Amino acid sequence: MIAVIAACAQNRVIGKDGRIPWDIPADKRRFRDLTMGHVLVMGRRTYEEIGRPLPGRETIVVSRTARFDAPHCTTASSLPQALALAGGRDVFICGGARLYREALPLADVLYLTELHAPFDGDTLFPPFDPSAFDVTERTDAADAIPCTFVTYRRRALSYAQAREALAQLAAQKGIVPGLGPLRALLARLGNPQDRLPVVHIAGTNGKGSTLAMIAAMLRAAGYRVASFSSPAVFHARECWQIDGDMIPETDYAAWMTRLLALCAAMRADGQTTPTAFELETALAFCWFAQNDCDIAVIECGMGGCDDATNVVRTTAVSVLTSIGMDHTRFLGDTIEQIARAKAGICKPGVPVVLQGQDARVERTVAALCRESGCPLTVVRPERCTVTRADAHGIVFDSETDAQVAVSLPGLVQARNAATAIAAVRCLTAFPVSDEAMRRGLRAVRWEGRMQLLGARPPILIDGAHNPDAAARLREEVLRRWPDGGVVEIAGVLADKEFAEVGRLMAPLARHIVTVTPDNPRALPAQQLAACLRQFCGSVEAADSVPQALRHARAAAGKDGAIVAFGSLSWLRALRQAVEEEL
């Protein structure tokens, strides 16, 4: 919680030339009761009037010109630095006109004492919108100077309102590469992204599965692990997790309320405000810092260098999964350019784990690591041998480990697991035993990737939305159904290489049903169907996901199989349709 506490007379903050009116007994009692055991942040003049830290509290003095060092007292040069020093503890801002102005957009609660008498003051209390707060007040006339205690608690958005605000922002701003606005926002919050070490993951495919495995192994070793990934598949809050539990709706709404208020303050100051994804990234850092996590595992949204998640400065290991041609509008139109963009997450001297792949990618990453002094570990997928695979997962041998069981199905998970193991072994500050690694991999869950829904007919779903992912899915489909002949449901976004995805997947199908994902960038089902007819002779467009499921079931019959793939944005609707049919 961040609180502002002030005494006002005729709307002026009391404290002429730094004087605090301790001769107002009621105000003194209220100050003591509200702030007991919490962190006090005050300006230089206010602290000099008190002359010492208050007992039972930690005091942070904000001053650019003087230093104050005493037991339970420290000095910060700015309010953001003071908030960083306070960490996730409750903070009370209690003195200094500049502090009040900077703290108002951050404040969860204002404790104002309004004195019913003229009084000398330093400055007008900063204006604020009282309609954004729930107000309670109590008048105390027993003292020599009557006063009214007014408490303004910021009215948090509901979870639905917060989601709607983010959706509107996403529609307005879209994707805007660059880290400036997010850095400015996080600075106002005291840079919560700097408060815990990070495993940072970039790549075109396999990021989410690798994240899930790293987090599972760290949890199995007893650490409190935060994770941030995108996009959501089955639930909007699944992007933010601590120890496998999603962020509660109340926490989401409370933090988004504060972040949106800060954006309003940034606009008022003439600053560019963050995009929707940048706010979601800020939410992750704030929530993780608030909950005292040991380590965070974070997945890039797109790219690496200019991705919002790259504001982190506490990277413990950088992980690069499979890199392919995707997001070429933003990342470059050659594999080398995309590899450089992805490897932009690598920090000087910090270990890098690269999943072995295209030689051009490996050369590009190796050169960047040499320039930055990053120790590089390359995991060789060709040395991972799957010895067992079924709907419940795989068992594989690698050059460093034998008979590793992973609860995620799909042959591709062997290379992702080997990459995750290599990354965890680079975390020297977070030792994980081999037994904990194996236990974590046996327990890992990651929805929407090579996942089986139902049994008759089996429905395999996967978020294969680019050629590299489609090639992995094709490999898995041919392993399960060597003769092909599956029924496919496909839905993609218009800015993806959907023709190449179709070339890889459509020839395996005897019938295809296309859908339009619920996404502003969706390719209409009719257009996708027209594209896929060059690879498959039987293609139809459905009006909805439930209709597509019904038609696919009819085409598959009792002995067939259904493979649903493409954008992750419509797989939730498919699972819901499957559950409603049961």
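Reader: Which residue stands opposite A389?

Author: In this predicted model, A389 stands opposite I394 in β20. Residues are numbered from 1 along each chain as its sequence is written. Local features need pLDDT of at least 70, side-chain atom pairs count only at pLDDT 80 or more, and totals for chains, interfaces and linings use all residues.

Reader: How many bridges join β19 to β20?

Author: Five bridges join β19 to β20 (residues 393–397), and the two run antiparallel. Two strands pair if DSSP finds at least two bridges between them; strands are DSSP runs of E with at least two residues, helices runs of H or I with at least four, both numbered from the N terminus.

Reader: What is the strand order in the sheet?

Author: The open sheet of three strands has the order β19-β20-β21, with antiparallel pairing. β19 (385–390) and β21 (404–406) stand at the edges, each with a single partner strand, so one side of each lacks a neighbour in the sheet.

Reader: Now S230: buried or exposed?

Author: S230 has 14% relative accessibility and therefore counts as buried (under 20% relative accessible area; exposed is over 50%, partly exposed in between, with a 1.4 Å probe and protein chains only). S230 lies in the loop between β12 (225–228) and β13 (240–242).

Reader: Which residues does S230 touch?

Author: Leaving aside residues up to four places away in sequence, S230 touches C239, F277, E299 and G301, where contact means heavy atoms within 4.5 Å.

Reader: And what follows α8?

Author: G270 follows α8, with a positive phi near 80 degrees.

Note on methods:
Heavy atoms only, no water.
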